[in-house]
Amino acid sequence: MTSNFVTALRHGVFFDSANEPRWALGVWRIFDPWVDARLQAQQGYRVPVTTRPLTIEFHFRRVVLRLVRSLAQLQKRIHEWDQWLAAGGLEGTHPELAFEIPEEGGIAADSAFHYLNLFIDDLARVIPYVLAYGETAMKDVEGFTELKTRLQKEKIAASPALRELFLELDCNDSWWYQGFKYGVGIRQRLTHYTDIVYFHGSAKLGDARLSGDISLTGVGGPIHHEDFEQALRELFGKLCEWLDRLEQPLLQHLSEKLGARGISWNPLDDRCRAVILPVLSGIRVDAAHYLYLPLSTASRDVSP
């Protein structure tokens with residue numbers, strides 16, 4: 001069934017006609033020349049051909065699904081924490097949840113950043129094959145950091161626009177800096193330091209009841225993100241905006257390469273064909289959360 005709503009961009013979460021959250025991930029289309037059966041046939045392959053991009057995509061699809069599930073589980077635990085506090089917390093009927101909810105929430109946060117790291121690494125691994133499409137020899141990159149360094153040092157042939165996208169990541173307000181910068185990024189703090197996602201609660205101004213506060217805090221050290229939810233909202237918003245710009249030169253490059261072979265393929269012309277994934281529903285769908293974009297900017301009415 002075709003949704004009555006699509007994202008105004010090709011990356012980010014929108015709500016379909018049943019008010020169910022869906023995640024648009026347009027950049028997935030860069031794998032198409034190696035995994036799409038129609039394009040394979042038009043390129044002269046009569047049987048499936050195992051290629052390095054094909055094996056990367058096989059891994060990527062599992063990473064994406066686990067990333068979405070990890071984020072949804074984190075949302076669920078944050079929501080449960082709010083409910084538990086509103087029901088009296090330690091003085092309520094389930095004091096044992098004071099341990100269970102933060103532990104499950106912390107595990108989900110760790111998992112989300114593990115799979116987010118794999119997500120960007122898999123994209124980095126396939127990008128050299130996109131840029132060198134049609135060439136027989138290609139040197140693999142191990143992950144995102146190596147690709148970023150090689151592009152910045154002009155060790156890989158790429159357009160100025162694509163190179164600039166990776167140069168801008170060194171700014172201290174970029175999604176990469178906030179999530180992955182050595183010693184500073186959230187994933188770095190969770191993996192290599194004593195930081196944890198800390199669940200606590202406080203009574204907000206004008207509210208007598210406790211509500212949840214989630215922070216990224218070093219054990220025995222400073223608070224790195226007082227509002228962890230807001231940090232995630234900012235990171236994913238910037239990442240989705242960056243992916244919108246990343247896919248354009250890559251898909252255009254592949255389209256031109258296929259066009260030279262007489263194969264018509266214009267994925268950027270059809271916005272509705274951005275890959276759409278379901279997101280676990282029923283969890284804070286009324287909130288502009290870190291995985292959700294406000295309806296006013298994230299979706300619009302379109303004809304099927």
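## Close-up views of a predicted model

By the rule that a disulfide is a pair of cysteine sulfur atoms within 2.5 Å, the count here comes to zero disulfides. This is a predicted model, in which local features need pLDDT of at least 70 and side-chain atom pairs count only at pLDDT 80 or more, while totals for chains, interfaces and linings use all residues. Residues are numbered from 1 along each chain as its sequence is written, and side-chain values use heavy atoms, leaving out hydrogens and water.

**View 1. An open sheet of three strands.** The order is S2-S3-S7, with antiparallel pairing. Strands are DSSP runs of E with at least two residues, and helices are runs of H or I with at least four, numbered from the N terminus; two strands pair if DSSP finds at least two bridges between them. Strand S2 (11–15) and strand S7 (275–278) are the edges, each pairing on one side only. Strand S3 (residues 21–25) is joined to S7 by four bridges, and Arg-22 has Pro-278 in S7 as its bridge partner.

**View 2. Helix H9 across the sheet strands.** Helix H9 (residues 228–259) lies across S2 and S3 and runs at about 120° to S2. Axes are lines fitted to C-alpha atoms, for helices over the stretch in contact (heavy atoms within 4.5 Å), and angles run from 0 to 180 degrees between N-to-C directions.

**View 3. Arg-10 and its partner Glu-247.** Look for Arg-10 in the loop between strand S1 (5–7) and S2. Arg-10 is buried, with a relative accessible area of 7%. A polar contact of 2.4 Å joins its side chain to that of Glu-247; such a contact is a pair of N or O atoms within 3.5 Å, where within protein one must be able to donate a hydrogen and the other to accept it, and residues adjacent in sequence count only if both atoms are side-chain atoms.

**View 4. The hairpin of S4 and S5.** Strand S4 (residues 195–203) and strand S5 (residues 210–218) run antiparallel, joined by nine bridges. Gly-201 stands opposite Gly-212 in S5. Six residues lie between the strands, and Gly-206 takes a positive phi near 85°.

Notes. Buried means under 20% relative accessible area, exposed over 50%, partly exposed in between (1.4 Å probe, protein chains only).
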